[in-house]
Every structure is written in C-alpha cells, then in structure tokens.
Amino acid sequence: MEERNNILIQKFHQNRLEAAEKDELEMKIEQGDISLEELDLFQDVLQATSNDPILLPSARMDHRFYAHLDQLNRKQGWPIKLIGKIAAAILILLAAFLGGRETGTRQEKVPQLSPSQQTLQALLSTKDISEKIHLVSSISLQNDADAVLIDALLYTLCHDESKNVRLACIHALLAYSTLPEVRTGLIHAIQFQESSLILLHLAEAINTSGKKMSKEAFHSHINKSLPIFVQRKLEAVLTHL
Amino acid sequence: MLLIGCSVFGQEEMVNIPFKSSDQAKSLVIDLNEGEVSIVGTDRTDVLVRYQSHRSQSEGEQEGMEEKSKGLSKVSSGTKKIEMSSKENQIMIRSDSYDANLSFAIEVPKTIDLNIDIDFSGNVSIQDIQGNVNVELASGDIRIQGLNGLLNASSDEGDIHVQFVNIPDPKTMMWMTTSGDIDVSLPSDYSAKLKVKADKGDVYSDLNIQFQEKVERVQDTDEDGSFRYINNSWTYGTLNAGGPEIIIITKLGDIYLRKL
C-alpha cells in the first residue's frame, strides 16, 4: 500500500494523476493513509531542486527505488513514514544529481546541494566503512544538522551491517540526545541490536539524554530472540552502567 | 565462487584466490562465527588462504575416544562449510561454523582494505598492511603491526593493540572495547583530536597531547519529582596540531597512547 501511496504522491507533484487516481489520492488523504506532511516533504524537496528541470527517473532508477522501498517496507517495526521520507529523499537527490550530470553539457548550472544534503547523499551512497564512520562523525559537528540528517543517523543505527558504523552513529547522536525525537529513536533502536557493546553504548546514550530509563525498561525493548550468549553478556555489561 | 565443505581435523588446507584486476583497489572481507584469523601483507598479487582446525582434547577424552573407536579407522571429522568468493576485486571468506579451533592464516597483497567480522569468539592479528582496516569482534583480541592506513576496531571483550607506521589519508577513527586495554602506537608527528574515555581505568601517553578533562553534566527532574544528575566525564586532547577525530573508549581497561 505504501508503494502505491508513493506512486500517487509522485504523480500528484508531476501533474500526472488521472481522474481515478486523483479520487484515490483524495480518499487516502481523508482516511489518513497519506498525510499532508508527506505531500509537503515531496514538495519541499522538489522546490529545493526546482531551479533544474525535473527529470523523470529512468526505468532502471524506478526499479531500484521500488526494490529499495520494498526492502525497507519489509523491515519490521521501522516507522513507515520515515522510510518513505528517506527513500523519497534518496530518489529526488539522486535524480537531481544525475539530472545535473546529464544536463551538464547543455546547461552551465548544476544542482547546489546544501552541506546537509551532500553529507546525506554521501552517507547513503558509500559502502566504505571508514568513509561512513567519517561522515557519521562529521554530522555531529555540523551546525545545520537537520531532522533529515538525524533521521538518517537513526536509520543507519538500526540497519547498517557494520557494528562500528552503528557505534559511530550512537556517538554522533550524543550531540542531539536531549532532543525528544532522538531519545525516542535511540530507544526504538534497542530492538535492532545484537551486540552487547552496542547495547551498552545505547543505554549510556539514553541515560545521557537526562531522562531516567530503568534497567527493566531497557530490557523490555531488547530483541527476545537474541542468542543466549549475547543475552548473558548483556547482563554482565549492563552492570557497568 | 568456491564452496568448501571440508574435514579439517588437524589437516591444513590451502586455497589461492586471484583478484580480477591487479590495478584496481583490492579488499578482503572475512565473516565468521568463530575462529582465529592471522593476516600478513606480502608482495604476492593474489590471496593465499591456509586453514585448519586444531581440535584439542584432554588426555581423558583422548583415552575414551581411543577405547570407543578401537579397531575402527577415522573416515571423517567435523564437516565445516567455508565459502570463499571473489567479486569485483573483493574476496570474501565466510563460515557459519561454531568451531573456536578453526584458524585461518592468510597472505594478502600489502595494498588492500580489510573488513573482519567475527560474531562469537576469535582473535585477529594483522601485519604489514597498506590500506584501511575494519575489525568487529564479539570476544577476542585485536593485534595489528605495521599498519599504513585507517583503523576502526571494536571488541566486546578483548584488547586492541595497534602499531601504525603511517596514516596517509587521516579521517575519523574509532577504537572501542568493554573489558580490554587499548594500546596504540602512533607516528610522533600525527595530528588529531582525541576523545578518550576509560571508565574504570587510566589513560597513559608519551605523545605531544594537550589534554583537557571535560565533564558533561546533565541535571533533570522527572515528572514524579525525582531528581537525576549525570556526571559524564570525557578526556579531550589535541595531538600536535589537531585534526580528524579519534574516539577511544574502554569500560574496564586502560588506554596507552605511545609515540612510535
């Protein structure tokens, strides 16, 4: 359903909605399946790149985007709205970037991405762990680190394959740990962790946010299917808090 | 791709894996549940993997086994699936075996990036590598000699010992452990910003570091009126002129930062 919603939102902003689709979109907004905030997000990103002609994604990009979105949709427990935002941001930024490259010979103007957008784009596109850790750490040093960057850090903390990248995310998020959405995101991230080292650092980061979280409350969020040796080790390390 | 189901009881197996291109950047990824890994940078252009399982038995166990198997010949001993593959100049070695006695001795070209992940237990030693190294262990020591590149390393339980010879492209690095020491030798002229924390240990150094203890205090009153105060102490330092950040954390061990 989320995939369908994104198609409708995209078509809405590209004035490609057919009558039946327009009715469908309105009904989804009425029913709360699509929020106005989601529409605005797309609008903001589109406006940010409005100086350049909006290029429709190629069939290959479409396929990759929906494959990626489908993969994200299958991740358990992650807020679907955020997935949509991140996926949309990737698509639009990628479109702007590639569009700029493709039209570079015809136009002198290239898309100007803000430092935040550049960092996000680099973070999402690199597979190099050293580079990722460097980028993640640099986010906490940026004065203009915005909600999208913080969302990207929280997403990376939950889903990156590398334990070291996840640890770097926790330390980057420490700079923002007093923000309610960061604290909520840190607590949400507990269930995705299988490393006692990460869980220990996560518990510390949550404590640093200044709000009390008991050991029992922390345990209630931990993935119950963790291997027994991880659970035992976790018991041991949490005593060091 | 090589898929190897092997009996490796005490017997060393050897596999050569070539890279697709000698000109492009090379990388080696190792993903194990358990095992010892030793990697040495050499002048060779391919990767040579030697592996075996040294199953150790106590004298009593040995005698019991000999009694049970009297008159029989051993035909197989513990089959382990080890997968080795090569794609786009990245060689991957993967095993889902839980065998702490499984060991890999690997020779690689000197110029290579390494990414090692051992989920349960095992030590890693690395020597003479020019490239970036990432090591993630659950329980084990990390020992690296002659590293010419970046290192990111973590171990839930274990020491981290590293001797850098050079860091040609300085970027953020991170070394973390819960219950081990972190002992690092850096070139004396290397510049970095340090963020260091040894919760129950000490920090020692002979490098040119301007240290500054910074205490982050958080004070809060909950809805129920209970008062909460957190004293979170970090040691910040500027090594020489300062530069990319190095984050060093151990919960129970000491930190040693040495001049090379």
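Helix α8 of chain A spans residues 147–159. Helices here are DSSP runs of H or I with at least four residues, strands are E runs of at least two, and both are numbered from the N terminus. The 13 residues of α8(A) reach 18 Å from first to last C-alpha, close to the 18 Å expected at 1.5 Å a residue. That expected span is 1.5 Å times one less than the number of residues. The model is predicted: local features need pLDDT of at least 70, side-chain atom pairs count only at pLDDT 80 or more, and totals for chains, interfaces and linings use all residues. Residues are numbered from 1 along each chain as its sequence is written, chains are lettered from A and ligands numbered from 1 in the order in which they are written, and side-chain values use heavy atoms, with hydrogens and water left out.

Of the 13 residues of α8(A), 10 are buried, so the helix is largely enclosed by the rest of the structure. Buried means under 20% relative accessible area, exposed over 50%, and partly exposed in between (1.4 Å probe, protein chains only). Among the buried residues are A:L149, A:I150, A:A152 and the run from A:L153 to A:H159.

Helix α10 (residues 180–189) of chain A packs against α8(A) at about 10°, with the axes 9 Å apart. Axes are lines fitted to C-alpha atoms, for helices over the stretch in contact, and angles run from 0 to 180 degrees between N-to-C directions. The two helices are therefore roughly parallel, a term for angles under 35 degrees. Contact (heavy atoms within 4.5 Å) involves A:I150, A:L154, A:L157 and A:C158 of α8(A). From α10(A) come A:E181, A:V182, A:G185, A:L186, A:H188 and A:A189. The crossing is right-handed, the near helix being turned clockwise from the far one by less than a right angle; anticlockwise is left-handed.

Helix α6 (residues 115–125) of chain A also meets α8(A). Their axes come within 10 Å and cross at roughly 20°. This pair, too, is therefore roughly parallel. The crossing of α6(A) and α8(A) is left-handed. Here A:S116, A:T119, A:L120 and A:L123 of α6(A) touch A:V148, A:L149, A:A152 and A:T156 of α8(A).

Chain A as a whole has 13 helices and zero strands. Of its 241 residues, 49% count as buried. Residues 24 or more positions apart account for 64% of the chain A contacts with a separation of 6 or more.

In chain B, B:S185 is found in strand β16 (residues 182–186). B:S185 is buried, with a relative accessible area of 13%.

How values were computed
Angles under 35 degrees count as roughly parallel, over 145 as roughly antiparallel, 65 to 115 as roughly perpendicular and the rest as oblique.
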